[in-house]
Amino acid sequence: MNGIHDLGGMHGFGPINPEPNEPVFHAEWEKRAFGFFVTTAAATGFSVDEFRHAIENLPPAEYLETSYYEHWLHSFETLLARRGVVTKAELDARVAQLSQGGK
Amino acid sequence: MATTKPAPAESETAIRVRALESILVEKGLIDPKAIDALVDTFEHKVGPRNGAKVVAKAWVDPAYKQRLLTDATAAIKELGYSGMQGEDMLVVENTDTVHNVIVCTLCSCYPWPTLGLPPVWYKSAPYRARAVNDPRGVLKEFGTILPDDVEVRVWDTTAELRYLVLPQRPAGTEKLDEDALAALVTRDSMIGVTVL
């Protein structure tokens with residue numbers, strides 16, 4: 001599939017800027033998102049190909065503007081909703097609850 | 001009125017991840033301790049020190065090096081490194097005439113058992129875009145300038161096949177043992193963006 005993920009050879013992205021002494025994760029939420037991959041794949045049966053396909057289907061501008069583990073989060077949300085395991089409404093409701101200080 | 005100071009603002013993404021985890025746990029689909037264990041493994045146990053041991057052994061043991069270049073998956077497994085995102089490995093050797101670099105233009109494929117999780121720059125657009133059409137320019141950004149007569153080979157990793165660069169052993173290390181040699185081997189040299 002042709003898409004924004006197919007970055008090889010594109011121009012204009014600027015310098016690479018490697019981070020010195022980079023930590024494995026940059027935030028607590030990245031650790032949790034990383035851990036979802038193996039655990040939710042085992043629980044719901046999605047394959048790595050389906051997981052990646054969901055990332056590749058991000059809108060191109062969003063793909064470039066969001067971070068790696070944000071791509072993963074998008075894929076988890078997509079695949080879990082597709083299977084009816086966690087609907088968007090259900091997740092949005094929980095997000096609203098937590099945003100208001102709920103536990 | 002609240003009398004306690006508000007906690008530092010949690011990002012929308014962080015809240016969303018917390019929300020998703022809480023739902024998945026409530027439904028009995030995932031165990032938070034399993035996530036803790038995965039994070040601990042990739043933060044503390046699996047990383048480029050594994051790959052460095054493979055490289056050092058190849059430098060001191062010609063028979064091992066031969067096995068590594070012939071069947072990398074099996075040779076790496078001899079040292080106990082195998083599994084997820086390292087199921088099928090190919091080791092590419094740097095020589096006086098050939099320098100190898102690995103990339104994953106489509107995403108982030110990387111040999112987890114030998115190098116751990118990839119750094120952000122490896123997964124980012126600038127590296128993925130440019131490694132294949134301006135490799136010498138990319139290498140220069142990492143401070144690596146190769147003679148013009150050295151051929152640069154760029155290997156585009158796939159979901160199925162992962163690469164590891166076997167760097168050249170630095171001059172003047174003849175008296176070092178395997179452990180001391182392993183300590184010299186960096187992650188970036190095994191990606192191929194630097195030389196030792």
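In chain B, the C-alpha centres of domain 1 and domain 2 lie 31 Å apart. Everything shown here comes from a predicted model, in which local features need pLDDT of at least 70 and side-chain atom pairs count only at pLDDT 80 or more, while totals for chains, interfaces and linings use all residues. Residues are numbered from 1 along each chain as its sequence is written, chains are lettered from A in the order in which they are written, and side-chain values use heavy atoms, with hydrogens and water left out.

**View 1. The two domains of chain B.** Domain 1 covers residues 12-44 of chain B, and domain 2 covers 47-191. These bounds come from an automatic or database domain assignment.

**View 2. Chain A as a whole.** Here you can follow 5 helices and 0 strands, taken as DSSP runs numbered from the N terminus (helices: H or I, at least four residues; strands: E, at least two). From the N terminus on, the order of elements is α-α-α-α-α. The C-alpha trace of chain A spans about 40 × 35 × 25 Å along its principal axes. Of its 103 residues, 41% count as buried, that is, under 20% relative accessible area with a 1.4 Å probe and protein chains only; exposed means over 50%, and partly exposed lies in between. Among contacts in chain A (heavy atoms within 4.5 Å) with a separation of 6 or more, 64% join residues 24 or more positions apart.

**View 3. Where chain A meets chain B.** The contact takes 48 residues from chain A and 48 residues from chain B. Together the two chains bury about 4600 Å², 68% of it on carbon and sulfur atoms; this buried area is the accessible area (1.4 Å probe) that two parts lose on being put together, summed over both. The rule finds 19 residue pairs in polar contact across the interface, both residues at pLDDT 80 or more. Such a contact is a pair of N or O atoms within 3.5 Å; within protein, one must be able to donate a hydrogen and the other to accept it, and residues adjacent in sequence count only if both atoms are side-chain atoms.

View 4. Between chain A and chain B the rule finds 7 salt bridges, each a side-chain nitrogen of Lys or Arg within 4 Å of a carboxyl oxygen of Asp or Glu. One of them pairs Lys31(A) with Glu43(B), whose closest N and O atoms are 3.6 Å apart. On the side of chain A that touches chain B, helices H1 (28-44), H4 (68-82) and H5 (88-99) each supply at least two residues. H1(A) gives the largest share of that side, 11 residues.

View 5. Is Thr44(A) buried or exposed? Thr44(A) is buried, with a relative accessible area of 17%. Its side chain reaches the backbone oxygen of Thr40(A) at 2.8 Å. Leaving aside neighbours within four places in sequence, Thr44(A) is in contact with Leu80(A), Arg83(A) and Val85(A).

View 6. Take a look at the segment before H1 of chain A, where Asn17(A) is found. Asn17(A) has a phi near 50°, a positive value in a residue other than glycine, and is exposed at 59% relative accessible area. Asn21(A) is also placed in the segment before H1. Its phi is positive, about 50°, although Asn21(A) is not a glycine. Asn21(A) is exposed, with a relative accessible area of 79%.
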